[in-house]
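Work through these exercises with the sequence and the 3D view side by side. Try each task before reading its solution.

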Amino acid sequence: MRRRLPGDAPPSAAAGPGTGHASSASAPSEAGLAQLSAAIAAGEDLGPFVRRAFACGRHEPLVASLRAAARDREAEIEELCRAHFHDFIRAVDDLRSLLADADALKGSLSASHSALLSSAAPLLASLESFLAARSLAGNLSSALASSRRCVRLLALAARANAHLQAGNQGLYLALRAVDAIDRDLASGPEPLPLPTLRRMLLSVVPAVRAHAEREISREFSDWMVSIRAASRHLGQVAIGRSAASRQRQEELRSKHRPLECITLDDDGVGDLDDFAAAAATADAADGAAAASFDLTPLYRAMHIHQTLALGERFKKYYLENRKLQLTSDFDVIAATPFLESHQMFFSQIAGFFIVEDRVFRTGGGLTSRPDVDTLWDAAVGKMVSVMEDNFSRMQTANHLLLITDYAALLAATMRRYGYPVGMLLEVLAKHRDKYHDLLLADCRRQVAEALAADKFDQMLMRKEYEYSMNVLAFGIQNSDITPAFPYVAPFSCTVPDICRIVRSFIEDSVSFMAHGGGGDTYAAVKKYLGRILSEVVDASIQKLVDSGSGLSVSQAMQVAANMSVMERACEFFTRHAAQLCGVPLRAVERGRRDFPLRRSCDAAEALLLRLLCSKADEFMRQSDCVNWIADNPPPGGNEYANEVIIYLETLTSTAQQILPLPVLRRVLVAVLAHSSERIVELFLNDSVKRFNANAVTGIDTDLKMFEAFAESMLSLFVDSDQESVKNEMKAALVEARQLVNLLMSNSPENFLNPVIREKSYNKLDYKKVAIISEKFRDASESYFSTFGTRGARQNPKKKSLDTLIKRLREAS
């Protein structure tokens, strides 16, 4: 029988006719009921149906539909109940059978509980006694632990006080002690039981830290002052070691070792990384520098500040103070001239950055590479600015070299510590031309003074050391055999003086180029060597020669002799420059150039020739006493020829001692050629109206004397081509000889024959021959002698000469 659900209408009312639920207006439609039943069966949410019904105001049909759905499910429920009813009855029977067993178990448990309570009573009494004893023991242990804690804190405080009494060396240990106290007070399991002790310790900890900060800051400040004073000495020692290293390199070069084989294997010389170890073998100055180079106060200050958790602040403080010190170091040059203060200026900066390099590599992060690079860039910028400003105002090469040399040593020193020095070397190279211009100006003044002071006499050397200092030192000796002393050199004192000036110039140039000039040292030095030889030495000697300066023949000869010696000296200059630059001499031999003093050499030789020719002209002026219409030819030639020959013989005996044979050869040929020209000019002189055969014979005798002199000079040139020298000597007198031969010829008209003229008279000029032939008359052809010989036969020579004169007139 189905159980009625609450709210259900009686069956009779639900199905009876005439009720309001059965009316068509309120009864749910079959479609809506089916839709609602499907939704309930599917377990869908009925909320939309309810909201829609109430929204439309038709909730009563919805309620009716829900009730109809419930009635439809009642039959299913009743079927399900009938299916499980018998199972429920069986379950109830099983529960009733278990009830008796449960009652038996309950009684057993009650008995066991009673027995347990009776046996546990003594144990509970013992447990209560144990708990009381353990509580007492805990209280005692806590009291002992508190006592030990207080004792440990007091011991730490006593230890901190003892370390503070030891000075700054104990600051770190004192801070560690107070840090332990602070950690115990802050992280202890419970507050310190003695409030007075706790208050005392809480006040001691910050006081000790503040004291440590004050003391270490004071020590750091003192160190900053001392390291600044020590930096200058430190820089001087480092730069001095670089100078010593460079000196060793130069000594190796002087032993002809190739430049590329010279390596700096003494790393400890410039490297002050382990300064104290280096000082063990250094001199007293190095030891003093090492003693002042103590970074312990700095590291202690850094460690203390890190312990106080002030490490970053200390790093900034250190960097700022070092920047201020560097800036103040720049002011070293403000009070004194740069020439006097440059060493102190560079040494201060070098020492500053040697310290910074050590601090960077051993300071545990106190400074960083960017920080050091920033300081170095500022220092380089300042040094560049100062050097450029002072270099632009310097007018002395030695001053510029002094500063450049020290700056180059500074660059070499700092390069070993890894600092870039390119900008410093660029400044030195930039002023290379100015330095050499100043150096050339000094050399020009020195050369001019040397030339002005020289009397151009052969230099006398009384001792061997003088010979070594003035001859061997410049490779200008004629032989490897040491001469006997006193020794008269073939040159004057100007030669060694100029050699010393040029050698000093080369050494200064090499020093500048090798240590600060940059680029190819030898190429640059060779270029400037060419400048001093051409612009200074050559120009000064040429100026002396061109001005004349009242030089005598012997002095002019000495100048010419000096030039031949200077040619050998120029080879020495080239070799010396190559040796200083480390260039093999075989490369120098391949690149040898022409004699750079060629212009002054030619000018000196030309001056000598002018003076000699002028002297010869003085003797030639004695030709006024020549009897051009003499009745008899002079038996020993004319007086002027004898004077010229005697002078040339005397000159040759002196010249062959100092002049090179090629120069002497050219001089003799030129003088003979000039004499030949002057003899021809004698015939052309307007003062000579006419001359006769006796005068021609006298001139022929003069020419034979000149030719004999030329023949005697051939013995001087045994090492030369004798035939060539003979031809040159002969060619020098050829014009005068051909003229005399023509005048003495029985057939002078042969001059008109081209073949004969080319063979025997090729040096004679038509016009000169015409003028001279007009003046040539024999004594028998005087104005009055023609009356006595009117009917005689005409002289064939006279006829030939008349024909020559006539034909020459027609040709002109």
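**Exercise 1.** In which helix do Asp389 and Arg393 lie, and how many residues apart are they?

*Solution.* Start with the ground rules. This is a predicted model, where local features need pLDDT of at least 70, side-chain atom pairs count only at pLDDT 80 or more, and totals for chains, interfaces and linings use all residues. Residues are numbered from 1 along each chain as its sequence is written, and side-chain values use heavy atoms, with hydrogens and water left out.

Now locate the pair. Both residues sit in helix 13 (residues 369–393), four residues apart, about one turn of the helix. Helices here are DSSP runs of H or I with at least four residues, strands are runs of E with at least two, and both are numbered from the N terminus.

Next, check the side chains. Asp389 and Arg393 meet in a salt bridge at 2.8 Å, N to O. The term means a side-chain nitrogen of Lys or Arg within 4 Å of a carboxyl oxygen of Asp or Glu. Side chains of opposite charge can pair when their charged atoms come close.

Finish with exposure. Buried means under 20% relative accessible area, exposed over 50%, and partly exposed in between (1.4 Å probe, protein chains only). Asp389 has 41%, so Asp389 is partly exposed. Arg393 has 54%, so Arg393 is exposed.

**Exercise 2.** Which residues make the contact between helix 10 and helix 11?

*Solution.* First, the geometry. The axes of helix 10 (residues 296–307) and helix 11 (residues 311–330) come within 7 Å and cross at roughly 145 degrees. Axes are lines fitted to C-alpha atoms, for helices over the stretch in contact, and angles run from 0 to 180 degrees between N-to-C directions.

Second, the residues. Helix 10 supplies Leu298, Ala301, Met302, His305 and Gln306, and helix 11 supplies Gly311, Phe314, Lys315 and Tyr318. Contact means heavy atoms within 4.5 Å.

Third, the classes. The contact of helix 10 with helix 11 has five nonpolar, three polar and one charged residues. Ala, Val, Leu, Ile, Met, Phe, Trp, Tyr, Cys and Pro count as nonpolar; Asp, Glu, Lys and Arg as charged; the others, Gly among them, as polar.

**Exercise 3.** What do the side chains of Lys315 and Glu312 meet in?

*Solution.* They meet in a salt bridge of 3.6 Å, N to O. Both residues belong to helix 11, three residues apart, about one turn of the helix. Lys315 is at 23% relative accessibility, so Lys315 is partly exposed. Glu312 reaches 53%, so Glu312 is exposed.

**Exercise 4.** Is helix 12 mostly covered or mostly uncovered?

*Solution.* Take the length first. Helix 12 (residues 338–362) has 25 residues and spans 35 Å from first C-alpha to last, close to the 36 Å expected at 1.5 Å a residue. That expectation is 1.5 Å times one less than the number of residues. Then count the cover: 18 of the 25 residues in helix 12 are buried, so the helix is mostly covered. After helix 12 comes Gly364, with a positive phi near 65 degrees.

**Exercise 5.** How many helices and strands does the protein have?

*Solution.* The protein has 31 helices and two strands. Of its 812 residues, 40% count as buried.
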